[in-house]
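The structure comes first, and the notes follow by topic.

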Amino acid sequence: MVSYVWFQPWTCAYSAVDSNPLSIYVMHPFWNFVVKFLPTWLAPNLITLTGFMFLVLNFLMLAFYDFDFTASAAGHEHVPSWVWVAAGIFNFLAYTLDGVDGKQARRTNSSTPLGELFDHGLDSWACIFFVATVYSIFGRGESGVGVATLYYILWVVLFSFILSHWEKYNTGILFLPWGYDISQVTISLVYLVTAVVGVETWYQPVLFHFLYRDLFTFMIIACSFTVTLPMSLYNVMKAYRSNSLKHSSFYEAFLPFLSPVLLFLLSTTWVVCSPSNILELQPRIFYLMVGTAFANVTCKLIVCQMSNTRCQPLNWLLLPMLVVVLLVVSGTVVNETLLLYVWTAAVILAHIHYGISVVQQLSGHFNIFEEERIDLKGAEV
């Protein structure tokens with residue numbers, strides 16, 4: 001099933017606010033320096049895709065060495081040190097390319113709504129890949145984080161991400177969250193430190209009986225509820241008081257949260273009512289399914305806020321997922337693990353199909369392929 005996009009309201013204007021001191025004083029100057037070394041023929045979207053694939057590579061690499069998140073626990077064979085070095089480098093490269101792609105687009109005068117959608121769409125999917133990869137540092141042992149706890153932490157990260165696009169849906173301005181830059185730099189450093197000191201270091205308490213896993217959990221939750229959420233509500237209320245809010249009614253303003261909340265309820269019902277305790281058996285695949293489904297919901301919100309169209313009340317993926325959850329809860333399914341794998345594959349294929357369809361529609365509307373063909377001909381002449 002393809003969700004079609006109405007193109008008339010689309011514009012090439014990109015309105016974003018980045019007030020993070022780390023980003024302003026450190027990362028942007030660094031990205032401005034890096035982009036000068038990129039050839040002008042290098043497409044910004046290729047830079048975006050390459051950065052995203054580094055995160056996928058990290059996810060697959062850790063899945064090979066630590067599929068069930070037990071490698072960091074005491075008494076288990078740990079992930080090789082070189083893997084953590086590679087993970088740190090790949091994560092920082094992904095973060096750098098994510099910051100450089102837009103600068104390359106402006107440098108080559110090739111900024112398009114397709115580039116914005118491609119960038120933010122892949123960012124929404126990237127959430128699950130870096131959260132699952134970071135989890136392997138602590139694992140699920142005695143000094144680690146339980147799979148159920150990580151499940152709810154993942155949802156905190158996902159909702160923190162969608163808040164920024166909910167802001168833009170209501171205000172027309174994308175307020176970039178502070179937590180993103182800080183977390184990416186920190187994660188890259190933690191990977192490298194882990195390669196040097198080993199995962200055993202994270203077994204030790206930070207202070208008294210307060211473990212590093214507790215610090216990890218506290219930082220994510222505290223950042224979301226004391227920084228990201230309050231700033232989002234403040235920006236939306238500020239737009240409301242200045243009569244610049246794009247959606248006047250309460251229902252329309254909060255409509256983008258309907259599908260994410262329903263997805264949370266469905267997936268949590270599966271976790272709680274699972275006859276085989278599926279989250280304990282297959283945490284990595286379950287996280288991947290949830291993160292991909294959420295990315296699909298978020299991408300459709302991004303399309304709506306970019307095209308100035310009304311957000312869809314219900315994502316169609318939720319309907320077959322409701323059937324899947326009912327089959328599990330009722331005990332109809334004999335092999336719950338097989339069902340999870342099949343449903344995860346279906347969600348991934350559906351999300352990729354949606355992405356390709358939207359890219360093709362946007363490319364056709366803005367004559368992107370035609371313009372590139374003309375540019376190549378001009379270069380040959």
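Predicted model: local features only at pLDDT ≥ 70, side-chain atom pairs only at ≥ 80, totals over all residues.

Helix α2 passes helix α4 in a left-handed crossing.

**α2 and α4**

- Helix α2 spans residues 44–65 and helix α4 spans residues 113–138; the two pack at an angle of about 15 degrees, with 9 Å between their axes.
- Angles under 35 degrees count as roughly parallel, so α2 and α4 are roughly parallel to each other.
- On the α2 side, the residues that meet α4 are Asn45, Thr48, Leu49, Phe52, Leu55, Val56, Asn58, Phe59 and Leu62.
- On the α4 side, the residues include Leu114, Phe118, Asp119, Leu122, Trp125, Phe129 and Phe130.
- By class, the residues of this contact between α2 and α4 are 14 nonpolar, six polar and one charged.

**α5 and α9**

- Helix α5 and helix α9 (residues 258–273) pack at an angle of about 175 degrees, and their axes are 12 Å apart.
- Angles over 145 degrees count as roughly antiparallel, so α5 and α9 are roughly antiparallel to each other.
- Tyr151, Tyr152, Trp155, Phe159 and Ile162 of α5 meet Pro260, Val261, Leu263, Phe264, Ser267, Thr268 and Val271 of α9.
- The contact of α5 with α9 consists of ten nonpolar and two polar residues, with no charged ones.

**Tyr169**

- Tyr169 belongs to helix α5, which covers residues 147–171.
- The relative accessible area of Tyr169 is 1%; buried means under 20%, so Tyr169 is buried.
- Neighbours within four places in sequence aside, Tyr169 is in contact with Lys246, His247, Glu252, Pro256, Leu301, Cys304, Gln305, Thr309, Arg310 and Cys311.
- Tyr169 and Lys246 are 77 residues apart in sequence, while their C-alpha atoms are 7.5 Å apart in space.
- A polar atom of the Tyr169 side chain lies 3.0 Å from the backbone nitrogen of Cys311.

**Glu252**

- Glu252 sits in helix α8, residues 250–254.
- With a relative accessible area of 18%, Glu252 falls under the 20% limit and is therefore buried.
- Not counting residues up to four places away in sequence, Glu252 touches Tyr169, His247 and Arg310.
- The side chains of Glu252 and Arg310 are joined by a polar contact of 3.0 Å.

Definitions and conventions. Residues numbered from 1 in each chain as written. Heavy atoms only, no water. Helix = DSSP H or I, 4+ residues; strand = E, 2+ residues; numbered from the N terminus. Buried < 20%, exposed > 50% of the residue type's maximum accessible area, 1.4 Å probe, protein only. Polar contact = N/O pair within 3.5 Å; in protein donor to acceptor, adjacent residues only side chain to side chain. Contact = heavy atoms within 4.5 Å. Axes fitted to C-alpha atoms, helices over the stretch in contact; angles between N-to-C directions. Parallel < 35°, antiparallel > 145°, perpendicular 65-115°, else oblique. Left-handed = near helix turned anticlockwise from the far one by under 90°. Nonpolar A, V, L, I, M, F, W, Y, C, P; charged D, E, K, R; others polar.
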